[in-house]
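Good morning, colleagues. Please look at the sequence and the model on the screen while I speak.

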Amino acid sequence: MGRRTLLGTAGAGLVAAPAILTGKAKAQETKRLEINRAMPPQTDRFDVGSFSVLVVKDGSRASDSPGETFGMDQSAQTVGELLRENFLPEDQFVNSFAPALVNTGSEIILFDTGMGPGGRPQGMGRLIEGLTAGGYTPEDVTVVVLTHMHGDHIGGLVEDDGSPAFPNARYVAGQVEYDFWTDPARVGTPAENGHKAVLDKVKPLAEKMTFIGGGEEVVPGITSMEAFGHTPGHLIFNVESDGRRLMMTADTANHYVLSLQRPDWEVRFDMDKEMAAETRKKVFDMIAADKVAFLGYHMPFPSVGYVEKLDTGYRFVPKTYQFEI
């Protein structure tokens, strides 16, 4: 074979190779997608004193334009700069959902219920699968705590046929929160869809529900705190056992950079934006000062970490092995 023929053949191979690799890459990507659909949802287990905690990734959702949700009162350039500084894309973000179960030894308490059946077509609503992977059944749950009544927290309360998803559970929810969402005055307002969802999923369970405010005990070792602003009756919970603590902060902060590093920035889903910002600072000042761990419903999975106080807000520090020793 002559030199020119050899070089020509080599060149043809180099041109053809990307097409072959592209086809192979596509096949691998298809295979990965199939495997991901077959895999159980992510879970994480750790102990807080004598309590065992199981966190379940109910699902996640990618969205465009972070500044339309976080930092609504800021320019897109300002939001984008902060994201880039934190190695994040400026044009997209991922929101995940993390219900958590606390086993005290005498009670099994579930905090929030995820998207439920309505989220399953979008790859969410996987709480029951996660509980099963963690060794629990819906029948094991003795208490369901609702931090607030947005759809991604109450969607898993009932099955498609309207039956309770956790048939042996009693329920705990905020009185202020329940009164707001069940009030007919919500009709004709931006809260109307939420009102309908609460009437559909929460109100039928009201006879089994204990309504509380701040500073009340759910079970020994778990106490509520008012954290209003995200919703009118939003509650958070202090979990404490054998000298170890975990704060269940729910939606007090919904993004580990945009809500924590800039707690004053407006968030679209905060119903009272000024109050929500004040609550964020109050709650995370306490968490930073006490050096206590927190579980944030929308933090990067497994959704547990600490915060360090900064000049403008807080730096999120994910948990590693603190609960293992």
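Predicted model: local features only at pLDDT ≥ 70, side-chain atom pairs only at ≥ 80, totals over all residues.

Residues are numbered from 1 along each chain as its sequence is written, and side-chain values use heavy atoms, with hydrogens and water left out.

The protein contains seven helices and 16 strands; these are DSSP runs numbered from the N terminus, helices being H or I with at least four residues and strands being E with at least two. Of its 325 residues, 47% are buried, where buried means under 20% relative accessible area, exposed over 50%, and partly exposed in between, with a 1.4 Å probe and protein chains only. Among contacts with a separation of 6 or more, 68% join residues 24 or more positions apart, a contact being heavy atoms within 4.5 Å.

Let me turn to the spaces. Rolling a probe the size of a water molecule over the atoms shows where empty space is left. On a 1 Å grid over the protein atoms alone, a cavity is a set of points where a 1.4 Å probe fits but cannot get out; a pocket is an open set with protein on both sides within 12 Å along at least five of seven lines; and lining residues have an atom within 4 Å of a point. Grid points are joined across faces, edges and corners, and a volume is the space filled by probe spheres set on the points.

How many cavities of 30 Å³ or more does the structure hold? There are three. The largest cavity has about 70 Å³ of space, and its lining includes D112, T147, M248 and Y297. Strand β13 (244–250) and strand β14 (293–296) each give two or more residues to this lining, with β13 giving the most, three residues. By class, the lining has eight nonpolar, three polar and one charged; Ala, Val, Leu, Ile, Met, Phe, Trp, Tyr, Cys and Pro count as nonpolar, Asp, Glu, Lys and Arg as charged, and the others, Gly among them, as polar.

The second largest cavity holds about 50 Å³, and D58, R120 and E159 are among its lining residues.

The largest pocket has a volume of about 640 Å³. Of its 31 lining residues, H150, G151, D152, R268 and F269 are the closest to its centre. Twelve lining residues are nonpolar, eleven polar and eight charged.

Which helix holds H153? It is α4. H153 counts as buried because its relative accessible area is 0%. Its side chain makes a polar contact with the side chain of D112 at 2.9 Å; such a contact is a pair of N or O atoms within 3.5 Å, where, within protein, one must be able to donate a hydrogen and the other to accept it, and residues adjacent in sequence count only if both atoms are side-chain atoms.

Finally, N103 lies in strand β5 (residues 100–103). A polar atom of the N103 side chain lies 2.9 Å from the backbone nitrogen of G105, and the N103 side chain also makes a polar contact with the side chain of Y136 at 3.1 Å.
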